[in-house]
Amino acid sequence: MENKEPLIHDFDLNLICDYFGRLERQGPGSPESTIRALSFIDNFSNELKIADLGCGTGGQTMILAQNTKGTITGLDIFPDFIEKFNTNAEKLGLQNRVKGIVGSMDNLPFQNEEFDVIWSEGAIANIGFEKGLNYWRGFLKKDGYIAVTYESWFTDERPAEIEKFWVDAVPEISTIGHNISIMQKAGYSLVAAFTLPEKCWTDTYFTPQKAIQKAFLEKNAGNKAAEAFVEYMKHEAELYSKYKQYYGYVFYIGKNYKKMKWSTPPLRITASDTRDGSLFDSFL
Ligand code: SAH
């Protein structure tokens, strides 16, 4: 790692877990944004069955539980996070409706069409935006909703330094318009998309990190990887303050719809579309 800046994927998972387990949230977000996204879901005050994928220690899950009826299953790959998640649910008296389980978002232990809502804040990049939207849709009821936050470009162009940082971390990162079209292609209609306000990064993500970095370094004293990890996280915060007009998290809220057998042909017809005449045949 000497001459090369480390990438997030280079760090040991136990270190990442130790660091983020000390925080209420493991990614940018806020109670207000979670509630705002929830407000786009019709009948959200009915008894809903919700899955929260990549739930972490449950910051957003508990907000969802306090603002809905029904049950929520949180799923995360790190057992330590799930242990904290279930302790948090109990502290808030939510343990009968909210349960955390260890599992992977790309191999879900659920039934087809089991959920009214699939929620995921700051986590879908781990499976890939397109892959996650496609795979998770199978677990949604007809007319069910998906609500995810995902790193997105706000502009068509940006400085090379920030482009490199995010392409290394999230190779599929794209613009909001492109992400919406991916969502539509995956079989959802767009209900809403909004960018998370800056304070979701500063007040609930970067500022709380400052408060835990000292204790984290003390516990891992002499561990070069732990020092490098803190430097990486400080660098991420600096980049955010320098380049925040170019990127951020966007909440994408979509509704599952049953894809038609006969879908409308593409509006732009090219020579290759019509080579065998089949496209025109379908109009006749
Ligand atoms: N939703 C939380 C945590 C976001 S951080 C919040 O907004 O605060 C991303 C989370 O995804 C982490 O908790 C990480 O452990 C989890 N994760 C990463 N890969 C995963 C996978 N394959 N399956 C399930 N969870 C995963």
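In which sense do β4 and β5 pair, and over how many bridges? They pair in the parallel sense, over five bridges; two strands count as paired if DSSP finds at least two bridges between them. This is a predicted model, in which local features need pLDDT of at least 70 and side-chain atom pairs count only at pLDDT 80 or more, while totals for chains, interfaces and linings use all residues. Residues are numbered from 1 along each chain as its sequence is written.

**Whole chain**

Start with everything shown. The protein has 11 helices and eight strands. Helices (H or I, at least four residues) and strands (E, at least two) are DSSP runs, numbered from the N terminus. Of the 284 residues, 34% count as buried. A residue is buried if 20 or more other C-beta atoms lie within 10 Å of its own, exposed if 12 or fewer, and partly exposed in between, with C-beta atoms placed from the backbone.

**The strands**

Select β4, residues 115-120. Six of its six residues are buried, so β4 is largely enclosed by the rest of the structure. Next select β1, residues 47-53, which runs parallel to β4 and is joined to it by three bridges. Ala 51 has Ile 118 as its bridge partner in β4. Five of the seven residues of β1 are buried. β1 also pairs with β2, in the parallel sense, over seven bridges. There, Asp 52 has Gly 74 as its bridge partner in β2.

**The nonpolar cores**

A nonpolar core is a set of buried Ala, Val, Leu, Ile, Met, Phe, Trp, Tyr and Cys residues joined through C-beta atoms within 7 Å. The largest one has 50 residues, and those that touch the most other members are Ile 50, Val 117, Ile 118, Ile 146, Ala 147 and Tyr 150. Strand β5 (residues 140-153) gives this core its largest share, six residues. Select Ile 146 and look for its contacts: leaving aside neighbours within four places in sequence, they are Ile 118, Leu 133, Trp 136, Leu 140, Tyr 188 and Gly 254. Two residues are in contact if their C-beta atoms, placed from the backbone, lie within 7 Å. A second, separate core has six residues, among them Phe 20, Phe 216, Ala 226 and Phe 229.

**Helix α2**

Select residues 31-38, which form α2; Ser 33, Thr 34, Ala 37 and Leu 38 are buried here. Turn the view to look down the axis: the buried residues fall within an arc of 140 degrees, so they line one face of the helix. The arc is that of the directions from the helix axis to the C-beta atoms. These buried residues pack against α3, β5, α8 (199-219) and β8 (247-256).

**Leu 23**

Step back to the loop between α1 (13-20) and α2, where Leu 23 lies. Leu 23 counts as partly exposed because it has 17 C-beta neighbours inside 10 Å. Not counting residues up to four places away in sequence, Leu 23 touches Pro 208, Gln 209 and Ile 212.

**Around the ligand**

Finish at the ligand. Of the 21 residues around it, Gln 26, Gly 27, Gly 54, Gly 56 and Asn 126 come nearest; a residue is near a molecule if its C-beta atom, placed from the backbone, lies within 6 Å of it. The elements giving two or more residues to this shell are α3 (59-66) and β2 (69-76). By type, the shell has seven nonpolar, 10 polar and four charged residues. Here Ala, Val, Leu, Ile, Met, Phe, Trp, Tyr, Cys and Pro count as nonpolar, Asp, Glu, Lys and Arg as charged, and the others, Gly among them, as polar.
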